[in-house]
Amino acid sequence: MLHGKSFFLVGIGGSGMLPLAMILAGRGATVAGSDRSLDQAALPAKFDALRAAGIALFAQDGSGVVSPDQIVVASAAIEPTVVDIVAAQAIGATRMGRAELLAELFNAAALPIGVAGTSGKSTVTGMIGVMLHALGRDPTVMNGAVMKDFVAPDRPFASALVGGGDAFVSEVDESDGSIAFYAPRIAVLNNVSLDHKTLDELRALFGAFAGRATRVVVNVGDAEAAALAAAIPADRRTTFAVEGDADLVARSLVPEPFGIAFDLVAAGETHRVRLAVPGRHNVANALAAIGAVTAAGVALADAVRAIAGFTGLKRRFELVGEAGGVAVLDDFGHNPEKIAATIDTFHAFPGRLLLLFQPHGYGPLKVMRRELVTMFLGRLRDGDLLVLPDPVYRGGTVSREVTSADIVGDLTVAGAPARHIPDRAAAAAHLVAQARPGDRIVVMGARDDTLSELAAGMVTMLGGRAGDR
C-alpha cells in the first residue's frame, strides 16, 4: 500500500506526527519532514532518531517540498501560511491532514482497535500494544506517547510499533473532531469529560465513534460514558468499572507508591492483577485494555498475565529523579480529570505536593476555567503549592481572554495556595527554592516535550542545592 509513495510531514517532531512517520517508513514509504523545533535546534535527540530511521529532515522553509508526487501531511495545528504548505500548493502536491492519513491506514487494517476518551487514551493504547505484542500477535501501534516497553537503543522515541499482525491499535483524538474519520472494529471509550470541546459536542463525537464499531468496550463507572453505553445494544458492548457493576470489575484495590494491585472479577472468575503503574485511574485503564484484547480473542488469564509486564509511558507519572530528599516527577496532566487523577494518586501517600502546571494553550484555559479552579480547590491540601507559568505559545494569532493569571486569581480569592509566575524557568526555580525533604515536585502539561527537560533541570538544581549545604 505504501511502497513507492513519498510523504513529507510538516511538524514531523510532534507527538502525533513522529509515530506516524515511523509507521510510514516501517511500511516502505519514503518519508521526509520539517519542524519548527528542528529550526530552533530544540530536542536534538528526537530528530537524530528520525534521521537514524532513514527519514530526511529539512528546514521549514519549503526546501523539502520539491515534487508534485509528494504527499504533504500536516496536523490541524499547522497554519496554511507555513512556507512548506505554501510550497505544496504552488507545485500541486497532494495535501492530507495527519488524522486523515492515519485513519486511512487504520481503517484498512484487518483488526482496527481505536481507543477514545478524554483521558487515558495513550496509556490504554500502550497497555493493549504491550499485551498483544507479548502474546505474539505482532500489532502495529500508534501512540501519542513514548511506550517504555518498546524503547531500545535504536528506538529511543518508541511512540509507534510497526508489526505484521492483523491488529492496528491507535488512540483517536476528539480535540479536532478527527475521531469522526475512524471506523474501528473494536472501540474503547474510557471516559467523557470537558477538555477541548463542549460536552454536547463530545457526546456526539464519542457516540458516533462507538456506533461504528462491532464491539464497544466502555467505562460505565464514568457517568457520561455510561449514558452513551445505554444506547449500545448489550450484545455489542463490554462494560467495565472500578468497584461498580459491569462485565469487568476491579475490587479490593491496594495502592502502592508506584504500582497498584486489585481483583479482577469477570464471568464468574476472579484474577489478582498487579500493575507496575500507580493510581485508581490506571486500574480503569487496565480494565479498558483487558476488555479490548479479550474482544480481540485473547483469553482473560493470558491478558492478566501480559498486562503485568506494562511498565508505563514517558511523561505519565514518571519519576525523573530525586535529590536532597525531594522527588521530581513529570506528568502529562493538562485537563481537570487528568490532573485530579495525578493529585489523588500522590495524596494517597505522605508528603507535600509542589505543582508546576503549564497550560497547553489559551483556548483550553477559556473552556476549562471553571472546572480547573473547582478541581484545584477541591484537591490542594495545606502545605501544597501550585505555580502556573504562562501557557504554551507557538506563534500565530491567539485570543488571550483567559490567562494563567486569571486562574490563579480565582484560586487565591478562594484561599488556595497558588501563584502565577509568568516565566517557566522562574516558576521552576521558585518551586526548587521552596522544596524540603519529603516533598514531591510534579511538572504537568501537554503539547510541550521540553517540559521533560525542565523537570530534569529541577533535579539538577535540587542536587546543587543539597551539595551547598
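**Entry 1: β6 and β10**

I looked up the pairing of strand β6 (residues 111–116) with strand β10 (residues 186–189) in this predicted model. The two strands run in the parallel sense and are joined over four bridges. For V115 I noted the bridge partner in β10, which is V188.

I next turned to the second largest pocket and recorded about 330 Å³ of space in it. Its lining consists of 16 residues, and those closest to the pocket centre are M22, A53, D154, R155 and A160. I checked which elements supply at least two residues of this lining, and found α1 (17–26), α3 (44–52) and β8 (160–161). The largest share comes from α1, with three residues. I also sorted the lining by class: twelve residues are nonpolar, two are polar and two are charged.

**Entry 2: the six-stranded sheet**

I examined a further open sheet, which has six strands. I read its order as β16-β17-β21-β18-β19-β20, and its pairing is mixed. The edge strands are β16 (318–323) and β20 (418–420), each of which pairs on one side only.

The bridge partner of V387 in β20 is R419.

I then asked what lies across β18 (353–358), β19, β20 and β21 (440–445). It is helix α14 (residues 424–434), and I recorded that α14 runs at about 175° to β18.

**Entry 3: α12 against α13**

Lastly, I looked up how helix α12 (residues 362–379) packs with helix α13 (residues 404–413). The angle is about 30°, and the axes are 10 Å apart. I noted a right-handed crossing where α12 passes α13. On the α12 side, the contact involves L365, R369, V373, F376 and L377. On the α13 side, I listed S404, D406, I407, D410 and L411. By class, I recorded six nonpolar, one polar and three charged residues in this contact.

Methods. Residues numbered from 1 in each chain as written. Predicted model: local features only at pLDDT ≥ 70, side-chain atom pairs only at ≥ 80, totals over all residues. Heavy atoms only, no water. 1 Å grid on protein atoms, 1.4 Å probe; cavity = no way out; pocket = protein on both sides within 12 Å on 5 of 7 lines; lining within 4 Å. Points joined across faces, edges and corners; volume = space filled by probe spheres on them. Nonpolar A, V, L, I, M, F, W, Y, C, P; charged D, E, K, R; others polar. Pairing = 2+ DSSP bridges. Axes fitted to C-alpha atoms, helices over the stretch in contact; angles between N-to-C directions. Left-handed = near helix turned anticlockwise from the far one by under 90°. Contact = heavy atoms within 4.5 Å.
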